[in-house]
Amino acid sequence: MKILVCISHVPDTTSKINFTNGDSEFDTNGVQYVINPNDEFGLTRAVWFQEQQGATVTVVNVGGADTEPTLRKALAIGANEAIRVNANPTDGLFVAKQLAEVIKNGGYDLVIAGKESLDYNGGMVPGMTAGLLGYNFVNSCIDLKVEDTNATAIREIDGGKETVTTSLPLIVGGQKGLVEEKDLRIPNMRGIMTARTKTLNIVEPVGAEVATKAVKFEKPAPKQAVKLVSPDNLDELINLLHNEAKVI
């Protein structure tokens, strides 16, 4: 089984976020980048298939040379090889078209992507990629088993879980739960050294229209000061909840 894991290069959640150029561009100064957490769950699951079922695991990213340390970390975790599409990931459809081309050329049986990246939270790429290729698609996946060309997935839905069966080729939008957090792997020294010798292929992008453009970013409003109300003064509490907070 050939598995492709899509890797997003995202800011660490502890990074301080700022914008430049009239709040139209993200300020990358001083920002530490990591593997998108949803993608890391998918990568760990793919490495499990590698160890248990002899699968080969390739990771792919659409981005510039600055994303290569993130790909190298994925190789250190256990991927066999990496592909970097040499393009700025301008919008979801553009990225999906680049990934579709890589998938088509590589003949992958299973594609695991995070259901969304933790920077823009668009949640568009896995489904768009499946649509472009005509592949089966399961989103919000929290468990996955594959036997021959048949797959059983559990996905999170409102109020519960849903078990579905489908067949390969398959694209999965994974999330927390695809593996347990305790099973996520930290690259050891051997893995880091081995990653330096693994193949990282750079491919040029296919022509694709950029359909959307970020016009302006805006930070959430700062939290207001907390108002303390005496437990004996229920009338004031109700008044504040009704007229000020407007939650009742």
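**Figure 1. Thr 129 touches Ala 96, Leu 99, Ala 100, Ile 103 and Ile 171, leaving out residues up to four places away in sequence.** Touching, or contact, means that heavy atoms lie within 4.5 Å of each other. The model is a predicted one, in which local features need pLDDT of at least 70 and side-chain atom pairs count only at pLDDT 80 or more, whereas totals for chains, interfaces and linings use all residues. Residues are numbered from 1 along each chain as its sequence is written, and side-chain values use heavy atoms, with hydrogens and water left out. Thr 129 is placed in helix H4; helices (H or I, at least four residues) and strands (E, at least two) are DSSP runs, numbered from the N terminus. Why is Thr 129 counted as buried? Thr 129 is counted as buried because its relative accessibility is 3%; buried means under 20% relative accessible area, exposed over 50% and partly exposed in between, with a 1.4 Å probe and protein chains only.

**Figure 2. One cavity of 30 Å³ or more is found in a search of the whole structure.** A cavity is a set of points on a 1 Å grid over the protein atoms alone where a 1.4 Å probe fits but cannot get out, and its lining residues have an atom within 4 Å of a point. The volume of the largest cavity is about 30 Å³; grid points are joined across faces, edges and corners, and a volume is the space filled by probe spheres set on the points. Which residues line the largest cavity? The lining consists of Cys 6, Leu 99, Val 111, Ala 113, Val 125, Pro 126, Thr 129 and Ile 171. Strand E8 (110-114) and helix H4 (125-133) each contribute at least two residues to this lining. The largest share, three residues, belongs to H4.

**Figure 3. Ile 171 lies in strand E12.** Because its relative accessible area is 1%, Ile 171 is buried. Ile 171 is also one of the residues that line the largest cavity. Apart from neighbours within four places in sequence, Ile 171 is in contact with Ile 103, Val 111, Pro 126, Thr 129, Ala 130, Leu 133, Tyr 135, Asn 136, Phe 137 and Val 138. Asn 80 stands 91 residues from Ile 171 along the chain, and the C-alpha atoms of the two are separated by 19 Å.

**Figure 4. A cis peptide bond links Leu 168 to Pro 169.** The omega angle of this bond is about 0°. Pro 169 belongs to the loop between strand E11 (160-167) and strand E12 (170-174).

**Figure 5. Ser 140 and Lys 246 are shown for their backbone angles.** In Ser 140, phi is near 55°, a positive value in a residue other than glycine. Lys 246 likewise has a positive phi, of about 55°, although it is not a glycine. Where does each residue lie? Ser 140 is in strand E9 (residues 136-147), and Lys 246 is in the segment after helix H6 (234-244). Ser 140 counts as buried because its relative accessibility is 12%, whereas Lys 246 is exposed because its relative accessible area is 64%.

Figure 6. With a relative accessibility of 2%, Leu 178 counts as buried. Its contacts, leaving aside neighbours within four places in sequence, are Phe 41, Gly 42, Arg 45, Ile 112, Cys 141, Ile 142, Asp 143 and Leu 144. Leu 178 and Lys 161 are 17 residues apart in sequence, and their C-alpha atoms are 13 Å apart in space.

**Figure 7. Ala 46 is a residue of helix H1 (residues 37-53).** Is Ala 46 buried or exposed? Ala 46 counts as buried, because its relative accessibility is 0%. Not counting residues up to four places away in sequence, Ala 46 touches Ile 3, Val 5, Val 57 and Ile 112. From C-alpha to C-alpha, Ala 46 and Phe 26 are 31 Å apart in space, and in sequence they are 20 residues apart.

**Figure 8. The whole chain gives the setting for the close-up views.** The chain contains six helices and 13 strands, and its C-alpha trace spans about 65 × 45 × 40 Å along its principal axes. Of the 248 residues in the chain, 38% are buried. Among contacts between residues at least 6 apart in sequence, 70% join residues at least 24 apart.

Notes:
On a 1 Å grid over the protein atoms alone, a cavity is a set of points where a 1.4 Å probe fits but cannot get out, and a pocket is an open set with protein on both sides within 12 Å along at least five of seven lines; lining residues have an atom within 4 Å of a point.
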